[in-house]
Amino acid sequence: GGPLDDDAQRVLRAFTGQLARALEQQRLHRIAMDAESLARADELRTALLRSVSHDLRSPLATIKASVSSLRQPDIDWPVDVRAEFLESIEVETDRLTRLISNLLDLSRLETGVLRPDMRSVALEEVVPVLVHGLGVDARRVVVDMPDDLPDVAADPALVDRVVANLLGNALKWSPTDQVITLRGRRVGDEVHLQVVDRGPGIPVDQRAVVIQPFHRLDDSKAGGLGLGLAIV
């Protein structure tokens with residue numbers, strides 16, 4: 001339009017001043033968010049290096065020792081001893097696979113690239129496969145699911161990771177002479193999966209903390225980076 005009078009000029013200056021302050025606040029907010037993200041990444045990196053130094057090297061050392069023993073040409077190991085070596089190799093390989101899978105999952109979650117692929121899933125088809133994937137630990141898991149359980153809307157790969165992590169956590173904390181029950185039930189228009197174990201449970205004051213990455217209730221329990229429940 002035409003030229004602005006003094007009143008309009010004052011309004012315009014006030015408006016642009018407010019706009020400049022809003023833009024500066026946005027800029028500072030972005031800087032703070034970036035700093036927070038970098039701090040979190042640095043914290044995760046530090047925790048990762050501390051955990052990996054033990055939890056990945058330990059199974060590798062066991063596998064190496066078992067293979068080296070089996071390859072000794074001057075020793076004829078009894079059949080049962082050879083079976084123990086092979087079982088150790090299988091158990092530790094499964095353990096390494098779970099550790100690396102959890103690291104990859106955490107990386108995808110942290111970078112925001114994980115996108116669920118929702119589809120109709122028959123749990124009675126998915127569950128036996130993931131239980132079998134537990135290796136020798138599968139014999140400690142009892143599956144209790146009715147044949148008429150309806151299909152669910154889910155990402156089958158993510159269901160696999162969630163249930164496998166819950167089962168792994170239950171197996172680690174339960175007495176070795178106790179079974180873990182994986183139970184499926186229809187509740188109204190939902191399907192509930194329950195992992196039932198006989199472990200000590202999680203203290204109430206630790207339930208919010210234990211789902212943070214790299215947090216473990218007891219560092220004497222080897223075999224994990226403290227990522228399972230965080231990913232779940």
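1. Let's start in helix α1, where D7 and R10 are three residues apart, so about one helical turn separates them. Their side chains form a salt bridge, 2.0 Å from N to O, the term being used for a side-chain nitrogen of Lys or Arg within 4 Å of a carboxyl oxygen of Asp or Glu. D7 has a relative accessible area of 48% and R10 one of 46%; partly exposed lies between buried (under 20%) and exposed (over 50%), with a 1.4 Å probe and protein chains only.

2. A word on the source: this is a predicted model, where local features need pLDDT of at least 70 and side-chain atom pairs count only at pLDDT 80 or more, while totals for chains, interfaces and linings use all residues. Residues are numbered from 1 along each chain as its sequence is written, and side-chain values use heavy atoms, leaving out hydrogens and water.

3. The structure holds seven salt bridges. One of them pairs R139 with E87 at 3.3 Å, N to O. That pair links distant parts of the chain, 52 residues apart: R139 sits in the loop between α4 (123–132) and β2 (141–144), and E87 in helix α3 (residues 79–111). R139 is exposed at 64%, whereas E87 is partly exposed at 34%.

4. R119 and D117 also form a salt bridge, their closest N and O atoms 2.3 Å apart. Worth a look as well: D144, R183 and R185 are joined into one network by salt bridges that share partners.

Notes
Helices (H or I, at least four residues) and strands (E, at least two) are DSSP runs, numbered from the N terminus.
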